[in-house]
Amino acid sequence: MPTNNALLSRLGLQYPIIQAPMAGTSTPALAAAVSNAGGLGSLGLGNVSAEVAREQIRQLKQLTDKPFNINMFCHKPDPMDIPRETAWLKRLQPWFAEFDATAPTKLDAGYDSFLGNQAMLDMLLEERPPVVSFHFGLPDTQAIAALKQAGIFLMGCATSLAEARAIEAAGLDAIIAQGYEAGGHRGLFDPQQESGLELQELLAQLHGNIKLPIVATGGLMDGADIAGVLAQGASAAQLGTAFISCPESAAPAAYRERLLSPAAQHTGVTAIFSGRPARGMLNRSHREIAPYSSELTGYPQAYSAAKALHAAAAAKGSHDFAPYWAGTSAHRSRALPAAELMACLVREIQQV
Ligand SMILES: Cc1cc2nc3c(=O)[nH]c(=O)nc-3n(C[C@H](O)[C@H](O)[C@H](O)COP(=O)(O)O)c2cc1C
């Protein structure tokens, strides 16, 4: 059992297992259960205000005295484009009509990026979570310096060697290597620069070219998967989909049911839900709306249209338009309490 690598000792972890931050799905209870079991629990707070994030961090601190990770989104927000947004909502209207609903007349601007978000930075410097990780790019040099000065361990998500090099050059402490198998949003710095690299190939490209410790993520569900990436040189594994079925997650019942059904065998990447590419279980949005991708509006404003359509459909009992994010191995989901899942993963790693 590899309990002696530099990343684990630096973070004070017993096991090389990180529960992925999952905005809207991770909870303080889930993160605390994982941290208390010797892994690193995470909260995805990229989609909330500084006040809500502070509240969540405080709840988590009540539940664990072990290290944990807070995740932020560093996207460059796409500018609002009213004519394009109006046209997009008009495009979606026939699907709303199917559920006796009307498409909203305008899109919501969504949530703020961490870039230039002084309130969020101040909150992090005050709350001082042990670890902060970034998705969709990197914060500016001053924010990185301030967080490091506060003793916070920083990780950035890379989907290519170029992004990993940028994270290393920016002085962060570790790299999360995200393979194309991963559930949820691709961590792409620039959504137009898709490498499409699967995890094994990405790890191979980073090997020898990157000095920072690497956390492997994407399609990992059990101890054998984790042992596999450790053997490839990763210092730890980050699992997202594997933890969605835990009772401590915020996933609604329909999401859980799908993960444990044959539907979980089919996932795909599309930007159609939010404006940025993300992997989820295939449904009517992938089949019927994705062909209109060229008309799509930007991230994160497009998300409000997809959420409104899902809400209208769900009100009539349909979950065919839901952004149910899931990795390619979702069909191997296990509905276990997080502490039991952790014990299981540790046993399986030891068996390898
Ligand atoms: C429901 C869900 C939400 C996610 N939200 C975030 C997020 O807020 N921040 C982030 O860095 N990654 C997020 N991810 C991606 C994970 O960090 C990770 O890359 C992915 O879960 C790994 O693939 P797996 O789901 O097959 O384990 C999310 C993934 C899922 C499944």
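## Thr-217 and strand E8

Thr-217 belongs to strand E8, which spans residues 214-217; helices (H or I, at least four residues) and strands (E, at least two) are DSSP runs, numbered from the N terminus. Thr-217 is buried, with a relative accessible area of 7%. Here, buried means under 20% relative accessible area, exposed over 50%, and partly exposed in between, with a 1.4 Å probe and protein chains only. The C-alpha atoms of Thr-217 and Gly-240 are 8.2 Å apart in space, although 23 residues separate the two in sequence.

The model is predicted: local features need pLDDT of at least 70, side-chain atom pairs count only at pLDDT 80 or more, and totals for chains, interfaces and linings use all residues. Residues are numbered from 1 along each chain as its sequence is written, and side-chain values use heavy atoms, with hydrogens and water left out.

## The ligand and its shell

Gly-240 is also one of the residues that come nearest to the ligand, together with Ala-23, Asn-71, Gly-219 and Thr-241. There are 23 residues around the ligand, where a residue is near a molecule or strand if one of its heavy atoms lies within 4 Å of it. This shell divides into ten nonpolar residues, 13 polar residues and no charged residues. In this grouping, Ala, Val, Leu, Ile, Met, Phe, Trp, Tyr, Cys and Pro count as nonpolar, Asp, Glu, Lys and Arg as charged, and the others, Gly among them, as polar. At least two residues of the shell come from each of strand E3 (68-73), strand E9 (236-239) and helix H10 (241-244).

The space that the ligand takes is the largest pocket. On a 1 Å grid over the protein atoms alone, a pocket is an open set of points with protein on both sides within 12 Å along at least five of seven lines, whereas a cavity is a set of points where a 1.4 Å probe fits but cannot get out; lining residues have an atom within 4 Å of a point. A molecule sits in a cavity or pocket if more than half of its atoms lie within 2 Å of its grid points.

An N or O atom in the side chain of Asn-71 lies 2.7 Å from a nitrogen atom of the ligand. Oxygen of the ligand is involved with His-135, a polar side-chain atom of which is 3.0 Å away. For Gln-238, an N or O atom of the side chain is 3.1 Å from an oxygen atom of the ligand. On its own the ligand has 590 Å² of accessible area, and the protein covers 97% of this; such areas come from the Shrake-Rupley method with a 1.4 Å probe, and for residues only the protein chains shown count as cover.

Phe-134 lies in strand E4 and counts as buried at 0% relative accessibility.

Arg-128 is placed in the loop between helix H5 (118-127) and strand E4 (131-135). Its phi is near 45°, a positive value in a residue other than glycine, and Arg-128 is partly exposed, with a relative accessible area of 48%. Phe-136, in the loop between E4 and helix H6 (141-149), has a positive phi of about 70° although it is not a glycine. Phe-136 is buried, at 1% relative accessibility.

Gln-265 is found in the loop between helix H11 (253-259) and strand E10 (267-270), and is exposed, at 51% relative accessible area.

The peptide bond from Tyr-299 to Pro-300 is cis, with omega near 0°.

Terms used
Polar contact = N/O pair within 3.5 Å; in protein donor to acceptor, adjacent residues only side chain to side chain.
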